[in-house]
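Let's take a walk through this structure together. Have a look around first, and then we'll go through a few spots one by one.

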Amino acid sequence: MQLNEQTNQGEEGVHILRLHDSLFMRWLYLGVGITALLMGILGIFLPILPTTPFILLAAACFARSSERFHDFLLNNRVTGPIIYEWCVHRSIPRRVKRWVYLVMALSFGSSILLVSSSCLKLMLALLAIVLTVFIWRVPVRDIDILPKTN
């Protein structure tokens, strides 16, 4: 999916890229987008940080600040289909949701086992429950997010 300022709509007419007029605001959006992207990358390894919301935030910020960074996220084989699915259908693929549950269970479970304080164990368990409910409420579409080759 190649995007530019003139033809910046997806297959179903969703407006994705819209650079802000103010140079100051573009820099502000760019800073927030880079921070969100870094937090999303950290979220892959840290159980408390969610990855997908930070990647979606980065994509939204890059859509207002940098065509180059925005295209990088949309053309990435991992993040692109997830971002597009969210922008078009406000859903995530079932396969992605299953991976989220698995990674959350492994990361929170191992963290709960490693922490010695019962207060911290309770906090991690409550956070895991809240995140699980949040992810459970996100709509699912049964699609294959990777294009099929003939």
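A disulfide is a pair of cysteine sulfur atoms within 2.5 Å. By that rule, this predicted model has zero disulfides. The cysteines are still worth a glance. Buried means under 20% relative accessible area, so Cys61, at 5%, counts as buried. Exposed means over 50%, so Cys119, at 56% relative accessibility, counts as exposed.

Next, find helix H2, which covers residues 52-65. Ile55 has its place in this helix. Is Ile55 buried or exposed? Its relative accessibility is 11%, and because the limit for buried is 20%, Ile55 counts as buried. And what does Ile55 touch, if you skip residues up to four places away in sequence? The contacts are Leu37, Gly40, Leu73, Thr79 and Ile83.

Now hop over to Ile41. This residue is found in helix H1, which spans residues 23-45. Along the chain, Ile41 and Ile55 are 14 residues apart, and their C-alpha atoms are separated by 8.3 Å. Ile55 is buried at 11%, whereas Ile41 has a relative accessible area of 41%. That value lies between the 20% and 50% limits, so Ile41 is partly exposed.

Ile41 also brings us to the surface. Together with Ile34, Leu38, Leu42, Ile44, Phe45 and Leu46, Ile41 forms a nonpolar patch there. How much accessible area do these residues have together? The figure is about 670 Å².

Terms used. Residues are numbered from 1 along each chain as its sequence is written. This is a predicted model: local features need pLDDT of at least 70, side-chain atom pairs count only at pLDDT 80 or more; totals for chains, interfaces and linings use all residues. Side-chain values use heavy atoms; hydrogens and water are left out. Buried means under 20% relative accessible area, exposed over 50%, partly exposed in between (1.4 Å probe, protein chains only). Helices (H or I, at least four residues) and strands (E, at least two) are DSSP runs, numbered from the N terminus. Contact means heavy atoms within 4.5 Å. Patches are made of residues with over 30% relative accessible area and no salt bridge: like charges are joined within 9 Å, nonpolar side chains (Val, Leu, Ile, Met, Phe, Trp, Tyr) within 5 Å. Accessible areas come from the Shrake-Rupley method with a 1.4 Å probe; for residues, only the protein chains shown count as cover. A salt bridge is a side-chain nitrogen of Lys or Arg within 4 Å of a carboxyl oxygen of Asp or Glu.
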